[in-house]
Amino acid sequence: MNKVYTDLNVYEAAVQRLNSIFDEFEKVIVSFSGGKDSGVVLNLAIDIARKRNRKLGVMFLDLEAFYQKTIDYVEKMFSENEDVLEPFWVCLPMESPNSLSYLEPTWIWWQPEKEPIWVRPMPKNKWVINLKNNPFDFYKENMPFEKFILYMGEWYGQGAKTAQLVGIRTDESLNRWRAVAADQSQKNNYIAKNGKSVPWSEKITDRCYSFYPIYDWTVSDDWTYYGRFGKPYNHLYDLFYRAGVPLSKMRVDEPFGNEAKAGLNMFRVIEPETWARVVNRVSGANFGNIYAGKKIMSSKYTLPKGHTWKSFCKFLLTTLPEETANNYRRKFIKFIKYWARTGCPVRDDFIKEIESTAPGAYENTHRFSRRGNGDKEVIRARKVLDELPGIDNKQDLCTWKRMAMCIIKNDYICKGLCFSITKDLTLRQKAIVEKYKNI
């Protein structure tokens, strides 16, 4: 995505973007997590909706395992802005990755059969939507929450042109940068009434688009906004700050995914009573608390003596339950075949270093990728190397070390190899649960 230089600061640019959305869309809904980024978007949208005498939808997906301060913040935002908000506090059973357990690589919040060990009782406020009053005709039992979010905007619009606002900042992670700045030929941007493409948008359906109005903000911009305008925020961040957590590491989201698991120890410190219920509820939670931030689950993991990364990867597969091991094998085979047949773009300086370090291991196609700026040549793997010291920790390459690290980190989805959640994975997990539910 090309840089655009204006005389506006990021706040003014975000307000301008949101005003244009309200100009062109009949319905607007915010995906609100209770975190700092979605809180900024919700506060900004509330101010604009109130000035325009418009209603604003807001969806909060309650993941059951939340800090109480996050719940307090969501309740405050909903109750103090009822004049403009149409709130949906969603407590439906949905599936989410659990990167802390080999035996239970996913977990489902608000499962009725698990009610005795729920982390929190079902909320009783008037905005709660659960299995007893579910109005969503698109909801499927235990569906992945990413799918729910995609359908929510279309449902809320009920045929009207609808914008779904998402609090994503591209400087927070590479995955978030990809969500906004992906190759424009590979995704459908919204075309505004002036005929210009909106690069910080993405088409969901013909009548519904996602927008990322604060994509160019930094974490400092978030807190400057809250301070300068006196806006309410989640006071959980105050506790993070007092505990010495860097601003860039403060996260409020589902706690058992790859990105958030390193912060599990804070759950134990900040809310010990909640933490005790989390350990009882989610397989591997205490293991993640002990080891997620340590060497055993980090990229600094040291290869055991007598092993190559190839032999260690194969050894690790033999220690896993059959279904889990087979999942990794399928992913690894696809990963190797993709690198051999299609290849991936690599920086020119890394290509030269690879050719010097491991001559003949990779083939340079001398074809430039269309990804990003189109300035990287695509290389294909002729064989799978054990590792490329100094390179494969900076550049995604086809090595046994990368595959082994997926197992070591409990990365069941293999995000470390650029995979994402697939339909077949969801169906397979449901089949496993059904098979063993009476044991």
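## Aromatic pairs

Two rings of Phe, Tyr or Trp (its six-membered ring) count as a pair if their centres lie within 6.5 Å. By that rule, a search of the whole structure, which is a predicted model, turns up 39 aromatic pairs.

Take Trp223 and Tyr233: their rings sit 5.5 Å apart centre to centre, with 90° between the planes, which makes the pair edge-to-face. Trp223 belongs to helix α6 (residues 219–229) and Tyr233 to the loop between α6 and α7 (236–242), so this contact ties together parts that are 10 residues apart in sequence. Trp223 is partly exposed at 21% relative accessibility, and Tyr233 is partly exposed too, at 22%.

Then there's Tyr328 with Tyr412, whose ring centres are 6.0 Å apart and whose planes meet at 75°, so this pair is edge-to-face. Here the link ties together parts that are 84 residues apart in sequence, because Tyr328 is in helix α12 (residues 322–341) and Tyr412 is in the loop between α14 (400–408) and α15 (423–436). Both tyrosines, Tyr328 and Tyr412, are buried.

## A ring cluster

Ring pairs also join up into a cluster, whose members include Tyr11, Tyr67, Trp217, Trp223, Tyr233 and Phe240.

## Lysines over rings

Lys27 lies over the face of Tyr156, 4.6 Å from the ring centre. Lys161 has its charged end over the ring of Phe25, at 4.9 Å from the centre.

## Cysteines

Cys406 is buried, with a relative accessible area of 2%, and Cys91 is buried at 1%.

Conventions. Residues numbered from 1 in each chain as written. Predicted model: local features only at pLDDT ≥ 70, side-chain atom pairs only at ≥ 80, totals over all residues. Heavy atoms only, no water. Buried < 20%, exposed > 50% of the residue type's maximum accessible area, 1.4 Å probe, protein only. Phe/Tyr/Trp six-rings, centres within 6.5 Å; stacked < 30°, edge-to-face > 60°. Helix = DSSP H or I, 4+ residues; strand = E, 2+ residues; numbered from the N terminus. Lys NZ or Arg CZ within 6 Å of the ring centre and 35° of its normal.
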